[in-house]
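Trainee: Before we discuss this model, could you show me the sequence and the structure together?

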There are 2 protein chains.
Amino acid sequence: MSSIILDGKAVAAQLAAALATETAALKQVNGGRTPILATILVGDDPSSATYVKMKGNACRRIGMDSRTIVLPQATTTEELLEKIDELNAAPDVHGILLQHPVPHQIDERKCFDRIKTEKDVDGVTTTGFGMMAMNEPAFGSATPAGIMRLLRHYDVPIEGKRAVVVGRSPILGKPMALMLSNANATVTLCHSRTIDLEDEVRRADIVVGAVGKPHFIRASWIKEGAVVVDAGYHPGGIGDIEPDGLLGRCKAVTPVPGGVGPMTIATLVAQTLAAAQRAAKTSS
Amino acid sequence: MSSIILDGKAVAAQLAAALATETAALKQVNGGRTPILATILVGDDPSSATYVKMKGNACRRIGMDSRTIVLPQATTTEELLEKIDELNAAPDVHGILLQHPVPHQIDERKCFDRIKTEKDVDGVTTTGFGMMAMNEPAFGSATPAGIMRLLRHYDVPIEGKRAVVVGRSPILGKPMALMLSNANATVTLCHSRTIDLEDEVRRADIVVGAVGKPHFIRASWIKEGAVVVDAGYHPGGIGDIEPDGLLGRCKAVTPVPGGVGPMTIATLVAQTLAAAQRAAKTSS
């Protein structure tokens, strides 16, 4: 079997080109104003800093702007909430991204939920999650929404397929399970208390690794002809799924890196543009 | 195997007795004020009218009050939203129940979501759903929350079990899947596009019938020793699951009627009391 490479990098680049055109068009009808994504980075985690920088760059590449707010490691929940309130109120800010994870003393959920739904371009609020789950218009959590975009780009059949999502985090595994269910897959959500993970994975037509542990999902568990999506990223370009022998045996595979990561960023940018477009319509 | 009957009627009665004591206590600290559930019935569906009446009676039995608003079949979304706004603003109303389903011309989701989160004692809002899904404090959707209460009452093990939920409606199947997942089951959410439902059900340690079709799930599909929860109710006391031969072969079974139904109502009443308790605290 020749495997399809789900080339997130290429699809993201293609999407970026389209977004650049749309951004230029928006600026023309909007008095030259540039859409702005505000990113908040709390503390000094080097990978988080890198992600925030990549997201800012992705905005600028398509003609949007990004404003990064860096807060110290010792920031309190109250201080972070104040900053979010400020960005919620700023009319020139269209999207707000609070980089996950935040330092332990901060109530991340409370801070996520303080972001105005209209500006929640990273799809992290509980209301946004609920609306997405109910098939109502909402910005989906960027990583699973990016995965859905990638699967759709390659016309990967989802309806009626058995999908197994490994990991149930609030911004990855849970929304992924609901998005796949809404696309008519039969979804099993696995996690640390799943007794026989191998057996679950073995049945899957679509496997999503969203567990955050390097090579936790063994290649030998994955059935022939499955679609394999790896949302993990660990130092050294290692994903959540052991890649050995998947190529040639699976129907489609995301590379790590260059699969899910670029789609996350592209989705964030696309959702920021959509928020800016909506804001322009509302104000005109 | 001697099957446990998950006797919702008995558990609900036991809960009601506890709630009556709590309600009496609340009235004492709250200047004699009686907690009130407002129920809205739109149109003339006879089963909906019966449900609303049963819910009102359940409130009164424990010393709470209920106020039923009946709106005509031709009610518009705007008219219903206005009524909800009025109840949201009424300080003496602690809980609001909009009886599902509403007539087709009404945007039910929009109306559900207009209910203030603090008064959403039936657990129908997208925000409430999102909060429940994220393990944040929220009123759960009454039927799945009632099922969780019933399972916990009988100490049915959930962690690590394979749960299969058949049906993915916004107020039953979807929240049920997330509640079971949050209780550490490995959950598969099945629906009309599931290819081999029999095979999914056959693997389940816990089966929840939430599909709304009489005897849609065959008894022969259910494995020995499974826990069987039937959330369906159809004329003539018929559930979603064919009951033949389940007794003696399954570990635990909900009867229809007398299983899930009474727990739904008891949960609604319990959540209304909790809302009233919270309101009393806030105002004192």
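Trainee: What share of the interface residues of chain A are also interface residues in chain B?

Mentor: This is a predicted model, in which local features need pLDDT of at least 70 and side-chain atom pairs count only at pLDDT 80 or more, while totals for chains, interfaces and linings use all residues. Residues are numbered from 1 along each chain as its sequence is written, and chains are lettered from A and ligands numbered from 1 in the order in which they are written. Contact here requires C-beta atoms, placed from the backbone, to lie within 7 Å, and the contact takes 25 residues from chain A and 25 residues from chain B. The copies meet through the same surface, because the share of interface residues of chain A that are also interface residues in chain B is 100%.

Trainee: By what turn can chain A be laid on chain B?

Mentor: The superposition is by least squares on the C-alpha atoms of residues with pLDDT of at least 70 in both copies. It gives an RMSD of 0.0 Å with a shift of 0.0 Å along the axis. That is the relation of a two-fold axis, and the turn is 180°.

Trainee: Which element gives the most to the side of chain A that touches chain B?

Mentor: Helices (H or I, at least four residues) and strands (E, at least two) are DSSP runs, numbered from the N terminus. The elements that give two or more residues to this side are α5 (126–133), α7 (173–182) and β6 (186–190) of chain A. With 6 residues, the element that gives the most is α5(A).

Trainee: In which sense do β6(A) and strand β6 of chain B pair?

Mentor: Strands count as paired if DSSP finds at least two bridges between them, and β6(A) and β6(B), the latter spanning residues 186–190, have 3 bridges. A:Val187 stands opposite B:Leu189 in β6(B). The sense of the pairing is antiparallel.

Trainee: Which are the edge strands of the open sheet?

Mentor: The open sheet is formed by 12 strands with mixed pairing, and its order includes β6(A)-β6(B). An edge strand here pairs on one side only, and the two are β1 (4–5) of chain A and β1 (4–5) of chain B.

Trainee: At what angle do helix α1 and helix α9 of chain B pack?

Mentor: Axes are lines fitted to C-alpha atoms, for helices over the stretch in contact, and angles run from 0 to 180 degrees between N-to-C directions. Helix α1 (residues 8–29) and helix α9 (residues 260–283) of chain B have their axes 9 Å apart. The two are therefore roughly parallel to each other, a term for angles under 35 degrees, and the packing angle is about 15°.

Definitions and conventions:
Parallel < 35°, antiparallel > 145°, perpendicular 65-115°, else oblique. Contact = placed C-beta atoms within 7 Å.
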